[in-house]
Each structure stands twice: as structure tokens, then as C-alpha cells.
Amino acid sequence: MGFNHHHHPHQHATHDNYGPEARYAVEREAELPTTKWEEEIARGLEYGLPGADSIVDRRIPTFSRGELPHFAGINTFLKAPYLEDVRRCGEYDVAVLGAPFDGGTTYRSGTRFGPQGIRKISALYGPYSFELGVDLRESITIADLGDIFTIPANIEKTFDQISKAVAHVYESGAFPVVLGGDHSIGYPTVRGVAQHMTGNLGIIHFDRHVDTQETDLDERMHTTPWFHATDIPNVPPKNLVQIGIGGWQAPRPGVKVGRERGTTIMTVTDCVEMGIEAAAERALEVAWDGADAVWLSFDVDCLDAAFVPGTGWPEPGGFLPREVLKFIQLIAERPLAGIEVVECSPPYDNAEITSLIATRVICDTLGCLVRAGHLPRRTS
Ligand SMILES: [Mn+2]
């Protein structure tokens with residue numbers, strides 16, 4: 001806008017058209033490059049052949065390659081390239097990996113289909129967020145590594161596979177995004193990261209359930225990950241903050257363990273009454289107290305059951321999506337070691353809304369890490 005705007009009456013919009021967030025968003029969009037988008041179009045035309053003669057928009061290839069159309073193509077996470085050779089994951093800023101395991105489930109199963117459910121609905125999204133003022137495609141490279149080879153009938157072997165996979169990704173320098181899977185995977189994911197750290201790892205845990213008992217049904221089920229994770233010497237329980245806990249599904253043995261070990265618990269009411277900003281500040285203080293890195297473990301059931309029908313233990317009275325997204329955005333102003341989103345069970349989902357919120361949590365986390373300068377982690 002500016003020097004000759006009186007010649008362009010259609011450009012008479014001023015900043016008064018916008019609220020503060022919208023003003024930031026609109027101004028930021030003008031600064032975002034389109035370099036990677038143009039590269040994607042060129043690659044699509046080369047690999048997918050130029051479109052038929054009747055196609056007017058000459059950016060459209062014959063075969064769908066890249067983002068468009070959203071309903072077409074092979075559904076990796078956000079249409080990221082599928083990286084068959086996982087030895088190369090360190091060449092990317094972010095590595096998405098599925099942990100399709102529901103052998104730790106104690107009620108509704110189906111989270112073995114979680115990674116595919118999340119990938120499928122992620123096709124709905126482009127890489128750009130209006131309010132965040134971030135275009136992931138222009139800022140970071142993402143690869144989808146596919147899924148870990150889990151062992152359906154054996155929790156312990158599956159844990160070993162998950163720890164080895166997450167350790168490989170974390171050590172490569174790529175930022176791990178783990179698509180669960182039931183919450184039993186929280187222990188082996190944290191174990192995989194912690195083994196590559198000398199300092200302490202904190203955990204920010206969103207959930208309606210404490211998941212801190214030692215065993216359930218005689219095994220290390222999805223009600224137990226934080227008991228075992230906080231047994232790891234450099235994952236102290238004082239750095240475990242549990243957000244959204246409440247209702248009729250928090251087992252007393254787990255509550256007892258949390259009390260004895262000194263974990264921090266914040267209920268939905270605690271967070272709403274102190275305000276999401278103060279709650280996020282408190283969560284960050286606890287998780288980062290003396291820690292070198294923080295892992296984000298997000299159970300979709302921390303949202304009210306109305307928003308997450310496709311989950312193992314739905315519980316009314318949870319967060320609203322806008323509350324939890326605001327919370328996540330504030331958490332991701334600080335760096336993270338990685339993120340897992342668990343307990344998304346497509347067989348129980350309605351209209352893919354549970355997978356949709358799972359996707360949104362990941363995208364908002366990545367977007368805020370980019371906005372805060374924590375991604376990409378390397379400058380090379
Ligand atoms: Mn839960």
C-alpha cells in the first residue's frame with residue numbers, strides 16, 4: 001500500500017480493518033516466501049507431466065504430485081515425502097513416524113489405526129496457518145518415515161522397537177513427531193530420547209488420566225507409561241506436569257504414585273480458572289526446572305469427549321479445542337525434544353474429528369516452534 005494508493009480504490013483497506021491478531025496475520029503473510037511452493041509446482045510438472053491441453057492453469061500436472069488436490073494422492077502426513085530409507089532422516093528438519101500399537105489398551109482398542117487416520121485427514125490441511133503467520137513448506141522440511149514395526153501380541157518387544165526407532169530419529173537431529181498408538185508408547189518414546197541426553201528430560205503430559213500406576217491387568221498397559229518413564233534416572237518425576245486430569249477414570253493407584261513421587265497435576269478447572277496463559281507458564285516452569293529438554297505427550301482424550309469420540313477412554317468435562325490449542329501454542333514458545341499424539345482410534349471416530357484435532361495439535365506445535373525460531377534446529 002502507499003505512495004499512489006489513491007489510484008487504486010480497491011486497495012483502500014487500512015489496518016483498521018483488522019483486530020490485533022488478524023493484523024499480525026495479514027501483515028506476516030506478505031513476508032512469507034513462495035519459493036518452496038514454486039519448487040513443488042515445478043517438480044510436479046516434471047514428475048507428473050504437464051496437464052492436458054484443455055487445462056488452462058499450466059501449473060496443474062497430469063498426475064497429482066504435491067499438495068493438490070487435497071483429496072488425491074498418497075496420504076503421508078501433510079503430503080510430506082515418504083522416506084523409505086530411514087537412515088537418511090537426519091537430512092530433514094522434522095520426521096513423522098507412526099507407532100501403530102493398541103496392545104496396551106484396557107477398554108476401546110483401535111489406535112493401531114491412529115497413524116493412518118491422522119495421515120488421511122491431514123491431507124485436508126495446507127502448510128500455511130493464518131493466525132500463526134507461518135508456512136511450514138517455506139520454513140522446514142518434513143519427511144514421513146512410515147510406521148514402526150510393532151509386535152501386536154507383545155508389549156515389551158513393541159516397546160523395544162519404539163525406543164530404537166525414536167532414538168534413531170532423535171539422534172539424527174530430526175525433530176520426532178510420533179503418531180500413536182495407545183498411551184503405553186509414552187514410556188518407550190521417552191526412553192528413546194532420554195538415552196541420548198546427559199541432562200534431564202521433562203515431560204508435559206496432556207490427558208484426562210494420570211497414567212502413573214506400575215501395572216494394569218498385570219502388564220505395562222496404557223495406564224502406566226509415566227511410572228516407568230520417571231524410573232529412568234534422567235527423567236525425574238519433579239519434571240512431569242500432567243494437564244487436564246480429572247473425572248471418574250483416574251485410578252487411585254496411579255494417583256498414589258503421583259503423590260509419592262511428586263508429579264505436578266493441573267485439572268481442567270485449575271487451568272481455566274487461573275487462565276490458559278498462567279497455566280502454560282506454570283507447566284513450563286515445572287517441566288523445565290533443571291531440565292535440558294522437554295517432551296510433549298498429548299493424549300487426545302484431554303479434550304471433552306464431545307470432540308474426541310475416537311479414543312480409548314472418552315471422559316466428559318475436558319478442554320475445549322480452542323483452550324487446548326492456545327495451551328499448546330504457549331508451550332511451543334519454548335523448544336521441545338519432540339511430540340507424540342496418542343489415543344486416536346479411528347474405528348470409534350465420527351467424521352474424522354478426532355484425527356482432525358490430532359493433526360491440528362501437531363501442526364500448531366510445529367508452527368509455533370517455527371515462529372519462535374526453534375525449528376529448523378540446524379542452520380546448515
Ligand atoms: Mn488418557
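One term before we start: two strands pair if DSSP finds at least two bridges between them. With that in hand, take Ser297, which stands opposite Glu340 in β10. The strands here are β9, residues 291-299, and β10, and they pair in the parallel sense over five bridges. How does the chain get from β9 to β10? It crosses through helix α11, residues 321-331, and this β-α-β crossover is right-handed. Please keep in mind that this is a predicted model.

Now the overall picture. The protein chain has 12 helices and 10 strands. The C-alpha trace spans about 70 × 45 × 40 Å along its principal axes. Of the 380 residues, 48% count as buried. Look at the contacts with a separation of 6 or more: 75% of them come from residues 24 or more positions apart.

Next, the sheet. In which order do the strands run? Eight strands form an open sheet, β4-β1-β5-β10-β9-β6-β7-β8, and the pairing is parallel. The edge strands are β4 (142-147) and β8 (264-267), and each pairs on one side only. The twist averages 15° from one strand to the next.

Let's go through some of those pairings. Strand β1, residues 94-99, pairs with β5 in the parallel sense over six bridges. There, Leu97 has Val178 of β5 as its bridge partner. On to β5, residues 175-180, and β10: parallel again, over three bridges. Leu179 has Val341 of β10 as its bridge partner.

Stay with β10. Are its residues buried or exposed? Five of the five, residues 338-342, are buried, so the strand is largely enclosed by the rest of the structure. In a regular strand the side chains alternate between the two faces of the sheet. In β10, Gly338, Glu340 and Val342 point one way. Ile339 and Val341 point the other way. Both sets are buried. Note that Glu340 is in that list, and that Glu340 is the residue opposite Ser297.

Now the loop between β9 and α11. Cys302 lies in it. Why does Cys302 count as buried? The cut-off is 20 or more other C-beta atoms within 10 Å. Cys302 has 28 C-beta neighbours inside 10 Å, so it counts as buried. Which residues does Cys302 touch, leaving aside those up to four places away in sequence? Phe206, Asp207, Arg208, Ile243, Gly244, Gly318, Phe319 and Val324. His205 is 97 residues from Cys302 along the chain, yet their C-alpha atoms are separated by 9.5 Å.

Last stop, helix α12, residues 353-371. It has 19 residues. From first C-alpha to last it reaches 26 Å, close to the 27 Å expected at 1.5 Å a residue. Is α12 covered or open? Mostly covered: 16 of its 19 residues are buried. Just after α12 comes Gly373, with a positive phi of about 85°.

That's the tour. Over to you.

Notes. Residues numbered from 1 in each chain as written. Predicted model: local features only at pLDDT ≥ 70, side-chain atom pairs only at ≥ 80, totals over all residues. Buried ≥ 20, exposed ≤ 12 C-beta atoms within 10 Å, placed from the backbone. Helix = DSSP H or I, 4+ residues; strand = E, 2+ residues; numbered from the N terminus. Right-handed = clockwise from strand over helix to strand, strands pointing away. Expected span 1.5 Å × (residues − 1). Contact = placed C-beta atoms within 7 Å. Axes fitted to C-alpha atoms, helices over the stretch in contact; angles between N-to-C directions.
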